[in-house]
Amino acid sequence: MYIKEAAEKLGIEAHTIRYYEQEGLLPFVERDQGGRRVFNEGDLSWLDLITCLRITNISIADLRKIVELTQEGDWTIQARKEIILEHKAKLMEEQHKLDKAFKKIAQKLDYFDDLEEKYVEKQRQCNGNAALE
């Protein structure tokens, strides 16, 4: 399949795929006689992984290093794994910070709910007293 179909299948923009190629992240993608990229299922799987990792803010440099190591052969599996493990550790740290932030936000929303409930109750009491006059 060509770039347009690959982009549609993965839900990403064709220009994103071109960018990844310019950055050296797609050296395995073959081209047809006309020079157009031809994506196979393995290429789509790799693009899907790149997209997922980019969402988690892995650097292009780290991805490029993984590609370079992959091209060197299976003896680099541990080095590639280490890159992913280091990135996972960063994500876990970030997740911890986000969990704390979500907890604080939930506490603040509970506080606002309490204030709002007290305000509504006070308004009811004031309206009830005004009706008695």
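In which helix of the chain is confidence lowest, and in which is it highest? Mean confidence is lowest in helix H5, residues 77-132, at 92, and highest in H4, at 96. Over the chain, the mean pLDDT is 93, and 96% of the residues reach 70 or more. Where pLDDT is low, the predicted coordinates should not be read in detail.

An α-helix has 3.6 residues a turn, so residues three or four places apart point the same way. After H1 comes Gly 11, with a positive phi near 75°.

H2 is the next helix to visit. Here the buried residues are Ala 14, Thr 16, Ile 17, Tyr 20 and Glu 21. They sit on the same side of H2, because the arc they cover around the axis is only 160°. His 15 and Gln 22 are exposed on the other side of H2. What covers the buried residues of H2? The cover includes H1, strand E1 (30-31), strand E2 (37-38) and H3. Just after H2, Gly 24 has a positive phi of about 85°.

Strand E1 holds Glu 30, and this residue counts as exposed because its relative accessibility is 58%, over the 50% cut-off. Setting aside neighbours within four places in sequence, Glu 30 is in contact with Arg 36, Arg 37 and Val 38. Glu 30 and Asn 40 are ten residues apart along the chain, and 8.7 Å separates their C-alpha atoms.

Now for H3, which spans residues 41-55. Leu 44 lies in H3 and counts as buried, because its relative accessibility is 4%, under the 20% cut-off. Ile 55 also lies in H3, but at 66% relative accessibility it counts as exposed. Beyond its neighbours within four places in sequence, Leu 44 is in contact with Met 1, Ala 6, Lys 9, Leu 10 and Phe 39. Ile 55 and Gln 125 are 70 residues apart in sequence and 51 Å apart in space, C-alpha to C-alpha.

In soluble globular proteins, nonpolar side chains tend to be buried together. The largest nonpolar core here has 23 residues, and those that touch the most other members are Ile 17, Leu 25, Leu 26, Phe 39 and Ile 50. H1, H2, H3 and H4 are the elements that give two or more residues to this core. Take Ile 50 as a guide: apart from residues up to four places away in sequence, Ile 50 touches Tyr 20, Leu 25, Leu 26 and Leu 63.

The loop between H3 and H4 contains Asn 57. Its phi is positive, about 70°, although Asn 57 is not a glycine. With a relative accessible area of 65%, Asn 57 is exposed.

H4 itself has 13 residues and reaches 18 Å from its first C-alpha to its last, close to the 18 Å expected at 1.5 Å a residue. Its buried residues include Ile 60, Leu 63, Ile 66, Val 67 and Leu 69, and Leu 63 is one of the residues that Ile 50 touches. Just after H4, Gly 73 takes a positive phi of about 125°.

Finally, a word on cysteines. A disulfide is a covalent bond between the sulfur atoms of two cysteines. Searching the whole structure turns up zero disulfides. Cys 52 is partly exposed, at a relative accessible area of 43%, and Cys 126 is partly exposed too, at 41%.

Conventions:
Residues numbered from 1 in each chain as written. Predicted model: local features only at pLDDT ≥ 70, side-chain atom pairs only at ≥ 80, totals over all residues. Heavy atoms only, no water. Helix = DSSP H or I, 4+ residues; strand = E, 2+ residues; numbered from the N terminus. Buried < 20%, exposed > 50% of the residue type's maximum accessible area, 1.4 Å probe, protein only. Contact = heavy atoms within 4.5 Å. Core = buried A, V, L, I, M, F, W, Y, C linked by side-chain atoms within 4.5 Å. Disulfide = S-S within 2.5 Å. Expected span 1.5 Å × (residues − 1). Arc of directions from axis to C-beta. pLDDT = per-residue confidence, 0-100.
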